[in-house]
Amino acid sequence: MDYFDQADFTRHTDWNAFLSFVDSRRARIILLTSKTSNAYHEFQFQDDDILLFGSESTGVPEQVKDRADERITIKMKNGMRSLNLAVSAGIALGEALKQTGQFAK
């Protein structure tokens, strides 16, 4: 991406380092999963929420599920499994930015 240098990101060495980061910010981990009925568009996002997505094929490990503060989903038509990861991330991030007023101006 030609604008990657403008992205703000942190790479954590492992799960425990990530959890230390989360705890230091008093942030919530919001897990996007197909295994809940809590719809993303009915969820109240907060400014410091961290959206977490698992593998398209296997989801996330149990310890990650257990640590998530909230679990939300993008509801699908009956018979459909899920959207691909990039599409799901865009939908959820768009809603979170809209609710928290963080869209770029």
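Modeller: Helices (H or I, at least four residues) and strands (E, at least two) are DSSP runs, numbered from the N terminus. This is a predicted model, in which local features need pLDDT of at least 70, side-chain atom pairs count only at pLDDT 80 or more, and totals for chains, interfaces and linings use all residues. Residues are numbered from 1 along each chain as its sequence is written, and side-chain values use heavy atoms, with hydrogens and water left out.

Colleague: How is a pocket defined, and what volume has the largest pocket?

Modeller: On a 1 Å grid over the protein atoms alone, a pocket is an open set of points where a 1.4 Å probe fits, with protein on both sides within 12 Å along at least five of seven lines; lining residues have an atom within 4 Å of a point. Grid points are joined across faces, edges and corners, and a volume is the space filled by probe spheres set on the points. Here the largest pocket has a volume of about 990 Å³. It is lined by 25 residues, of which Asp8, Phe9, Thr10, Asp49 and Leu93 are the closest to its centre.

Colleague: Which elements each supply at least two residues of that lining?

Modeller: They are helix H1 (15-25), strand E2 (50-53) and helix H3 (85-100). H3 gives the most, with four residues.

Colleague: How does the lining of the largest pocket divide by class?

Modeller: Ala, Val, Leu, Ile, Met, Phe, Trp, Tyr, Cys and Pro count as nonpolar, Asp, Glu, Lys and Arg as charged, and the others, Gly among them, as polar. The lining of the largest pocket has 15 nonpolar, five polar and five charged residues. For the second largest pocket, the division is nine nonpolar, twelve polar and five charged.

Colleague: In what order do the strands form the sheet?

Modeller: Two strands pair if DSSP finds at least two bridges between them. Three strands form an open sheet in the order E2-E1-E3, with parallel pairing. E2 and strand E3 (70-72) are the edge strands, each pairing on one side only. Three bridges join E1 to E3, and leucine 31 stands opposite arginine 71 in E3.

Colleague: What is a salt bridge, and how many are there?

Modeller: A salt bridge is a side-chain nitrogen of Lys or Arg within 4 Å of a carboxyl oxygen of Asp or Glu. By this rule there are six. One of them joins aspartate 48 to arginine 25, with the closest N and O atoms 3.5 Å apart. This pair links distant parts of the chain, 23 residues apart: aspartate 48 is in the loop between E1 and E2, and arginine 25 is in helix H1.
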